[in-house]
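The following explanation leads the reader through one protein structure, beginning with the whole chain and ending with single residues. Please keep the sequence and the model in view while reading.

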Amino acid sequence: MRLFRRKNTAADPPDPRTAWPEQHVPDDPAAAAEAFWRGWYDLLPMISAALGEGEPHRVEHELCQLVEALHPRLHFSLERGRRAIYALVVTGQEDPELRPFTDAWRAAAPPEDAIWEYHDSVPPVPDPTEVTVNLGEHRIALADVRVVAQVDEDEHVVDVAVFHPGFADLDEAARRTMTFLPLDATLGERLAAERLRRVETAAAEPAGAITLPEFRELVRGLASGTDEIVGPPD
């Protein structure tokens with residue numbers, strides 16, 4: 001469960017006539033990463049107390065400042081962990097200009113323990129078929145998502161069409177969100193960025209469509225070089 005992400009913490013939106021202030025970018029990613037982790041240790045008692053009491057918003061401002069000092073274009077989230085209780089994710093959303101900062105951040109991270117694990121990209125959910133997304137009055141179960149994948153074996157990338165029977169009830173913006181969200185949840189941010197080329201929304205269930213777990217197996221096989229193509233179930 002994602003608890004929060006980096007966002008604009010200003011009380012009021014800026015006047016659009018006002019030039020956006022230039023944000024400082026550290027010259028040394030390694031030094032910025034070390035400063036981040038020193039700040040993290042200082043904040044950790046406050047973070048632990050806020051999470052333990054179910055009030056993560058109490059430390060949102062401080063964490064936003066800490067991540068912004070690492071690089072102003074990075075995003076973060078606190079999530080439920082897979083191996084630990086909590087996961088801290090700091091991501092550049094696969095922007096190559098930000099990779100030196102996330103690489104340095106991950107390299108300087110403390111060892112994972114029973115409480116915390118650390119990720120430099122948004123990881124996949126353990127089982128996407130157990131996820132239900134609420135969009136206003138609509139509940140979209142990812143178990144009902146079907147995809148058809150066309151593999152470019154020369155480029156080792158995949159073109160995808162995504163279908164859900166509830167798409168017809170969504171507006172265009174919501175359909176676009178629900179086209180990409182299942183793919184990111186299934187593959188994780190990094191694998192999706194590496195292996196997906198064209199992504200489309202299907203108005204009807206395409207022939208040869210597969211489930212999200214089957215799609216994950218296909219793409220991971222492609223990435224590992226096995227070239228195993230998973231077809232629709234018999």
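What does the accessible surface of the protein come to, and what percentage of it belongs to carbon and sulfur atoms? The surface amounts to about 13000 Å², and 50% of it belongs to carbon and sulfur atoms; such areas come from the Shrake-Rupley method with a 1.4 Å probe, and for residues only the protein chains shown count as cover. The model is predicted, so local features need pLDDT of at least 70 and side-chain atom pairs count only at pLDDT 80 or more, while totals for chains, interfaces and linings use all residues. Residues are numbered from 1 along each chain as its sequence is written, and side-chain values use heavy atoms, with hydrogens and water left out.

The protein has 6 helices and 9 strands, where helices (H or I, at least four residues) and strands (E, at least two) are DSSP runs numbered from the N terminus. Of its 234 residues, 42% count as buried; buried means under 20% relative accessible area, exposed means over 50%, and partly exposed lies in between (1.4 Å probe, protein chains only). Among contacts between residues at least 6 apart in sequence, 65% join residues at least 24 apart, a contact being heavy atoms within 4.5 Å.

Consider next the pairing of two helices. Helix α1 (residues 29-52) packs against helix α2 (residues 60-70) at an angle of about 170 degrees, and their axes are 9 Å apart. The axes are lines fitted to C-alpha atoms, for helices over the stretch in contact, and the angles run from 0 to 180 degrees between N-to-C directions. The angle makes α1 roughly antiparallel to α2, a description used for angles over 145 degrees. On the α1 side, the contact is made by A32, A33, F36, G39, W40, L43, M46 and I47, and on the α2 side by E62, L63, L66, V67 and L70.

Within α2, the buried residues are E60, L63, C64, L66, V67 and L70. Because these buried residues fall within an arc of 165 degrees when seen down the axis, they line one face of α2; the arc is that of the directions from the helix axis to the C-beta atoms. An α-helix has 3.6 residues a turn, so residues three or four places apart point the same way.

Helix α3 (residues 99-107) has F101, T102, A104 and W105 as its buried residues. They cover an arc of only 160 degrees around the axis, which puts them on the same side of α3. Their cover includes α1, α2, β3 (86-91) and β4 (116-119).

Several single residues complete the account. Q93 lies in the loop between β3 and α3, and its phi is near 55 degrees, a positive value in a residue other than glycine. Q93 is partly exposed, with a relative accessible area of 46%. H156, in the loop between β7 (146-152) and β8 (157-163), also has a positive phi, near 60 degrees, and counts as partly exposed at 31% relative accessibility.

Is S121 buried or exposed? S121, in the loop between β4 and β5 (132-135), is buried, with a relative accessible area of 11%. Leaving aside neighbours within four places in sequence, S121 is in contact with V89, V90, T91, E94, E189 and R190.

Finally, E217 belongs to helix α6 (residues 212-224) and is partly exposed, with a relative accessible area of 41%. The C-alpha atoms of E217 and T186 are separated by 9.8 Å, although these residues are 31 residues apart along the chain.

Key:
Angles under 35 degrees count as roughly parallel, over 145 as roughly antiparallel, 65 to 115 as roughly perpendicular and the rest as oblique.
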